[in-house]
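Dear colleague,

Please read them with the model open beside you.

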Amino acid sequence: MKWILCLSIGFYLFGGFSRPLFLIGAAIELSYMAMRGTELGRLPLLGPHDTLAFFSTSCALMAIPFLFNKALSSSRRFSVGVSLLAAITGLMALPFPSFNMPMPPILNTLWFELHVALAFFSYALFGIGAILGIMFLLDENRQFLEVQHSAALVGFSFFSASMTSGGIWGYYAWGTYWLWTAKEFWTSILWLYYGTYLHLRLKGSRWERAIAWGGIIGFGVTMFTYLGVSLLMKSSHSF
Amino acid sequence: MFKRIYDNLSSLSLGLWLLCGVMLFLAAGSFLQGEGSIINEVALYDWIREVPLRESWWLWGAIALIALLALNTLLCSIESLRNKWDKGSFLVRIAPQLMHLGFLFIVIAHLQSAYGGFKQSMQVENGSSIKFPDGTDIVFTGFDATYGKMGMATAYSATLECRTGGKALTAVISPNHPFFYKGHGVYIKDIAPPPMKAALVEVHREPGAMMALTGGAVFTIANIILLARRREKTA
């Protein structure tokens with residue numbers, strides 16, 4: 001079934017030059033996720049293959065409203081950027097095997113699914129914010145910074161809701177809404193980071209380049225929180 | 001002089017620096033907490049008292065900065081409300097301050113849990129009981145498990161009887177479905193493979209849970225209000 005994912009990646013690679021192709025790629029990847037979900041009887045959110053594919057789908061889905069944003073609808077750079085983001089994350093999923101194991105009982109709750117899905121939506125929006133930051137640094141178009149702020153604000157909202165649902169899940173599953181593990185440390189760092197980033201705007205127009213860089217570095221922190229911590233550090237959230 | 005101190009304490013710049021400092025301390029903590037750490041095994045207040053400073057310095061640093069950040073958040077919110085009280089929509093004015101309030105609730109929740117939290121693990125068998133200080137007995141009366149094709153437990157549960165004041169209440173606990181009694185939760189963590197009839201259970205007390213939930217809810221709702229108002233403004 002991985003060929004369906006490969007097909008969607010192919011469409012993404014050409015999607016940078018044609019929005020309909022990007023949308024077809026997103027629809028194919030969404031179908032792949034739906035098929036995985038049907039096969040497993042749950043949302044495919046366990047293991048590196050499924051989470052990376054979910055992340056890639058989230059990037060594509062979250063990018064769609066931005067592709068039709070007035071400030072970005074004619075920008076080739078933006079469509080190439082989001083297409084690459086969705087394609088690269090999809091490609092990263094391919095080498096990993098897709099596990100068909102049943103959901104461990106501790107993860108078998110709506111709070112867990114909500115927690116993870118919302119986190120990936122926010123990661124995708126932080127990725128889009130990074131692309132917009134690069135675009136601002138190249139073109140100095142302030143509209144890009146406005147849209148970057150919107151992407152980060154919506155991403156921050158999803159992330160806050162993810163942390164709240166994660167806390168509720170943790171309380172019912174582990175007996176505590178908080179554990180001092182590497183993932184929780186970095187989740188808090190990411191939350192505080194975007195809190196800081198959103199406040200930077202209040203410093204005025206002299207900080208515009210710093211804000212653009214903030215969005216780019218933020219995605220680096222996001223990727224470390226997601227992949228770096230899971231692969232390099234011991235945590236209850238590790239793959 | 002007091003005005004200068006107040007202005008500094010309520011300034012955005014101080015808040016940003018403090019946030020950076022907290023992030024650095026937490027990043028250090030993430031690398032210092034190895035596998036052998038017992039930080040999750042005891043209440044945080046006990047952990048910080050028991051371990052040497054070379055292991056806990058990052059937490060002391062983070063606590064000190066978070067305390068200052070809480071004060072800065074409070075003063076910054078007061079200043080913001082004072083300056084913008086008669087400007088713009090009420091919801092736009094109040095939503096960021098509600099988010100600040102949510103953050104403060106979460107800080108208070110962590111303090112409550114750090115001080116009054118409790119956790120104990122134990123293995124229980126048929127007939128084992130957990131005795132509470134008020135004389136209540138929680139007696140385990142049965143265990144059940146379903147195994148999947150790979151031999152992994154796909155579902156498991158324990159039946160317990162809460163005997164208190166001459167009454168007995170029966171409940172079934174399973175992963176994500178604990179039993180709560182007077183602020184304590186009884187959680188099933190694992191079950192022994194057949195033919196053994198035993199399970200690993202934990203008793204937790206998390207006094208900050210409700211405050212954390214309130215903080216999270218206030219923060220998220222205010223965030224949604226802010227987003228909705230911003231959307232209306234840009235539409």
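What covers the buried residues of helix 4 of chain B? Before turning to that, please keep in mind that this is a predicted model, with an ipTM of 0.90 and a pTM of 0.92. The cover includes helix 1 (2-9), helix 2 (12-32), helix 3 (44-50) and helix 5 (90-116) of chain B.

Helix 4 of chain B itself runs over residues 53-84, and its 32 residues reach 44 Å from the first C-alpha to the last, which is close to the 46 Å expected at 1.5 Å a residue. The helix bends by about 25° at Leu59(B), and Leu59(B) is also one of its buried residues, together with Ala62(B), Leu65(B), Ile66(B), Leu69(B), Asn72(B), Thr73(B), Cys76(B) and Ser77(B). As a general point, an α-helix has 3.6 residues a turn, so residues three or four places apart point the same way.

As for the contact between the chains, 42 residues of chain B are in contact with 36 residues of chain A. On the chain B side, helix 2 of chain B gives the largest share, eleven residues, and the residues of that side divide into 24 nonpolar, 14 polar and four charged.

On confidence, chain B averages a pLDDT of 90, and 97% of its residues score at least 70. Within chain B, confidence is highest in helix 2 of chain B, at 95, and lowest in helix 6 (residues 209-234) of chain B, at a mean of 88.

With best wishes

Notes:
Residues are numbered from 1 along each chain as its sequence is written. Chains are lettered from A and ligands numbered from 1 in the order in which they are written. This is a predicted model: local features need pLDDT of at least 70, side-chain atom pairs count only at pLDDT 80 or more; totals for chains, interfaces and linings use all residues. Helices (H or I, at least four residues) and strands (E, at least two) are DSSP runs, numbered from the N terminus. The expected span of a helix is 1.5 Å times one less than its number of residues. The bend at a residue is the angle between axes fitted to the seven residues ending there and the seven starting there. A residue is buried if 20 or more other C-beta atoms lie within 10 Å of its own, exposed if 12 or fewer, and partly exposed in between; C-beta atoms are placed from the backbone. Two residues are in contact if their C-beta atoms, placed from the backbone, lie within 7 Å. pLDDT is the predictor's confidence in each residue, from 0 to 100. Ala, Val, Leu, Ile, Met, Phe, Trp, Tyr, Cys and Pro count as nonpolar, Asp, Glu, Lys and Arg as charged, and the others, Gly among them, as polar.
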